Amino acid sequence: MTTTQDVRLTAGELKALAEQAGRDLEDASAPDILRWAVDTFGKEFAVTSSMEDAVVAHLASRVLPGVDVVFLDTGYHFEETIGTRDAVEAVMDVNVITLTPRQSVAEQDAEYGPKLHDRDPDLCCALRKVKPLEEGLTAYTAWATGLRRDESPTRANTPVVGWDEKRQKVKVSPIARWTQDDVDAYVAEHGVLTNPLLMDGYASVGCAPCTRRVAEGEDARAGRWAGRGKTECGLHG
């Protein structure tokens, strides 16, 4: 089968391909969306995971055993998140690739002052998440995320396949249409690894300094950068 590795497409052609796929695959199952991505991009396709859970990594590994799973180690993660990454690497048929920022936390503190995440969380995210991912994805033409439309208003229009204008790559969100109940059912059926913090009041798991437990009735993202207008780290727009 011919993939984009065999026929090099321009950014404009990739964008058109992504947008057409988003329309064509809107009602497709998550495995079928991932199968399209693997058939289209081959080894130039990777999954990204925050290790909140391993649902998309598990789905992708069933379509492409040994699929690259990219994880951002910001230096601020909970121990449980690092433990989840290590467990995923040990028990799943995936190739975990850990990305790190150019500066350690200590080096960043020396240049910008301590607790940059409190004073300028957007800059902290840019340095420790956005830039490392941008550099880490250079080898890929398409990347998959675990974004879901039900997570927050900012994600309500997430396409199952779209165009990542910032990185000039195809962005695949195979579980965009899933609900939390769908995720829970898949985890239970397949015994998929999840971050232990999800059982301890956290609905969304990010860096420890900027993540809190959520109260009943709050949306899943309410525990991220609580008390600020910030709801996204910048990885997704």
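Predicted model: local features only at pLDDT ≥ 70, side-chain atom pairs only at ≥ 80, totals over all residues.

Student: What volume does the largest pocket have?

Tutor: The volume of the largest pocket is about 890 Å³. Its lining is made of 43 residues, and Ser50, Met51, Glu52, Asp53 and Glu151 are the closest to the pocket centre.

Student: Which elements give two or more residues to that lining?

Tutor: Helix H3 (55–63), strand S2 (67–72), helix H7 (121–136) and helix H8 (180–190). H8 gives the most to the lining of the largest pocket, at four residues.

Student: And how do the lining residues divide into nonpolar, polar and charged?

Tutor: In the largest pocket, 22 are nonpolar, twelve are polar and nine are charged.

Student: Which residues lie nearest the centre of the largest cavity?

Tutor: Cys124, Cys125, Lys129, Cys207 and Cys210, out of 15 lining residues. H7 gives the most to this lining, with five residues. By class, the lining of the largest cavity has eight nonpolar, four polar and three charged residues.

Student: What lines the second largest cavity?

Tutor: Lys43, Phe45, Leu64, Gly66, Val67 and Asp68 line the second largest cavity. Three of its lining residues are nonpolar, one is polar and two are charged.

Student: OK, rings now. How many aromatic pairs does a search of the whole structure find?

Tutor: Three aromatic pairs turn up. One of them is Trp36 with Phe41, with 5.6 Å centre to centre and 85 degrees between the planes, which is edge-to-face.

Student: Is Trp36 buried or exposed?

Tutor: Trp36 is buried, because its relative accessible area is 18% and the cut-off for buried is under 20%. Phe41 is buried too, with a relative accessible area of 0%.

Student: What about Trp178 and Tyr186, how are those rings set?

Tutor: Trp178 and Tyr186 form a tilted pair, at 5.6 Å centre to centre and 50 degrees between the planes.

Student: Why does Trp178 count as buried?

Tutor: Because Trp178 has 17% relative accessibility, and buried means under 20%. Tyr186, at 8% relative accessibility, also counts as buried.

Definitions and conventions: Residues numbered from 1 in each chain as written. Heavy atoms only, no water. 1 Å grid on protein atoms, 1.4 Å probe; cavity = no way out; pocket = protein on both sides within 12 Å on 5 of 7 lines; lining within 4 Å. Points joined across faces, edges and corners; volume = space filled by probe spheres on them. Nonpolar A, V, L, I, M, F, W, Y, C, P; charged D, E, K, R; others polar. Phe/Tyr/Trp six-rings, centres within 6.5 Å; stacked < 30°, edge-to-face > 60°. Buried < 20%, exposed > 50% of the residue type's maximum accessible area, 1.4 Å probe, protein only.
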